[in-house]
Amino acid sequence: METFYIGAHVSSAKGYEAMGREAVSLGASTLAFFTRNPRGGRAKALDPEDVAAFRALARAQGFGPIVAHAPYTLNACAAKESLRTFARETLADDLARLEATPGNLYNFHPGSHVGQGAARGIELIAAALNAVLRAEQHTTVLLETMAGKGTEVGRSFEELAAILARVERREKMGVCLDTCHVWDAGYDIAGDLDGVLAEFDAVVGLGRLRAVHLNDSLNERGARKDRHARIGEGCIGLAAHVPAHVGNRLLQGGKLLIGTPLGLRANHLEQRPKGAQEQARERNQVRHRQFKSHGSEPRWRPWLGWRG
């Protein structure tokens, strides 16, 4: 029985239908994308025909919910009011645009308190969410778990829970667990995933966990550096990702798994070196065989893949 939707982060440069077709070519059953340039800027105007074509494709292919990702430049708890205003306006604009594809997810990095203290950062993030969430919206907003680099807020399950506790429309909220981030934050997902998920359940609630972004890490656990690696090529390791995450009894029931197609970093998708796709496919065929050896056969082709 299918328990996950598994997909990839794909380029949004050519629109919704192109994203959907790329996901189909990868054998994916969901996808993730940036709502605009990940470093900021205006979003392109939506093309209603393009959106309609994507929605038809998604229905035909049996896609699960898709994950829109906010630009990295948002800082809902910045010290400067102008930066907080930019974050609120971008969040509101993205959520309004996502009503064109209702029933999906919107993931964002909570922000960095830049010396104001985590408590103040938590207050400001919740205030921004309270300013933009609407009863009539059809998108669930996800707080992403963070590595704890610098003054990032969201480095612990307790900080995420504190934000959620202050949000008025909590029914519109969830969490995206990034495996690199939680590992770098100190959670031992390689050695004790059940224990980590039990802690998440006690502090936040597994019902809030809507998506997992599968990444490996270049760092030892607890480094608080946020440096991603391809799955199986970092300190977390392939063995920890495959049987543990995909077979884990606590992660059943419609969770989304998002990765980067062909084993390439998402921010390098537009500069793929010649031959990189075939090399990556060969690597991921090996990973797919390893995956199958654990008794699981997800809805994906041997490309890469993992959560989001």
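Two residues are in contact here when their heavy atoms come within 4.5 Å. With that in hand, Leu-129 is in contact with Phe-108, Val-141, Leu-143, Ile-163, Val-167 and Met-173, leaving aside its neighbours within four places in sequence. Bear in mind that this is a predicted model, so to speak of local features takes a pLDDT of at least 70 and side-chain atom pairs count only at pLDDT 80 or more, while totals for chains, interfaces and linings use all residues. Numbering runs from 1 along each chain as its sequence is written, and side-chain values use heavy atoms, with hydrogens and water left out.

**The nonpolar core**

- A nonpolar core is a set of buried Ala, Val, Leu, Ile, Met, Phe, Trp, Tyr and Cys residues joined through side-chain atoms within 4.5 Å; buried means under 20% relative accessible area, exposed over 50%, and partly exposed in between (1.4 Å probe, protein chains only).
- The largest one has 67 residues, and Leu-31, Tyr-106 and Leu-129 touch the most other members.
- Helix H4 (residues 118-132) gives the most to this core, with seven residues; helices (H or I, at least four residues) and strands (E, at least two) are DSSP runs, numbered from the N terminus.
- Apart from this core lies another of seven residues, among them Ala-32, Val-67, Leu-105 and Ala-211.
- Leu-129 sits in helix H4 and is buried, with a relative accessible area of 1%.
- Leu-129 and Ala-76 are 53 residues apart in sequence, yet 8.7 Å apart in space, C-alpha to C-alpha.

**Strands and crossovers**

- Strands S3 (residues 67-69) and S4 run parallel, joined by three bridges; two strands pair if DSSP finds at least two bridges between them.
- Across from Tyr-106 in S4 you'll find Ala-68.
- On the S5 side (residues 140-144), S4 pairs in the parallel sense over four bridges, and Asn-107 has Leu-142 as its bridge partner in S5.
- The chain goes from S4 through H4 to S5 in a right-handed β-α-β crossover; right-handed means that, with the strands pointing away from the viewer, the path from the first strand over the helix to the second runs clockwise.
- S3, H3 and S4 make a right-handed β-α-β unit too.
- Both faces of S4 (residues 105-108) are covered: Leu-105 and Asn-107 are buried on one side, Tyr-106 and Phe-108 on the other.

**Asp-94**

- Asp-94 belongs to helix H3 (residues 81-98) and counts as buried at 1% relative accessibility.
- Not counting residues up to four places away in sequence, Asp-94 touches Thr-35, Arg-36, Ala-70, Pro-71 and Tyr-106.

**Helix H5**

- Helix H5 (residues 157-166) is largely enclosed by the rest of the structure, because seven of its 10 residues are buried.
- The cover over those buried residues includes H4, S5, strand S6 (173-178), helix H6 (179-185) and helix H7 (193-203).

**Aromatic pairs**

- The structure holds six aromatic pairs; rings of Phe, Tyr and Trp (its six-membered ring) pair if their centres lie within 6.5 Å, with planes under 30 degrees apart counting as stacked, over 60 as edge-to-face and the rest as tilted.
- Phe-54 and Phe-63 make an edge-to-face pair, at 6.5 Å centre to centre and 65° between the planes.
- Phe-157 and Tyr-187 are stacked, because their ring centres are 4.1 Å apart and their planes at 15°.
- Phe-157 lies in H5 and Tyr-187 in the loop between H6 and H7, so this pair ties together parts that are 30 residues apart in sequence.
- Ring pairs also link Tyr-16, Phe-33, Phe-54 and Phe-63 into a cluster.
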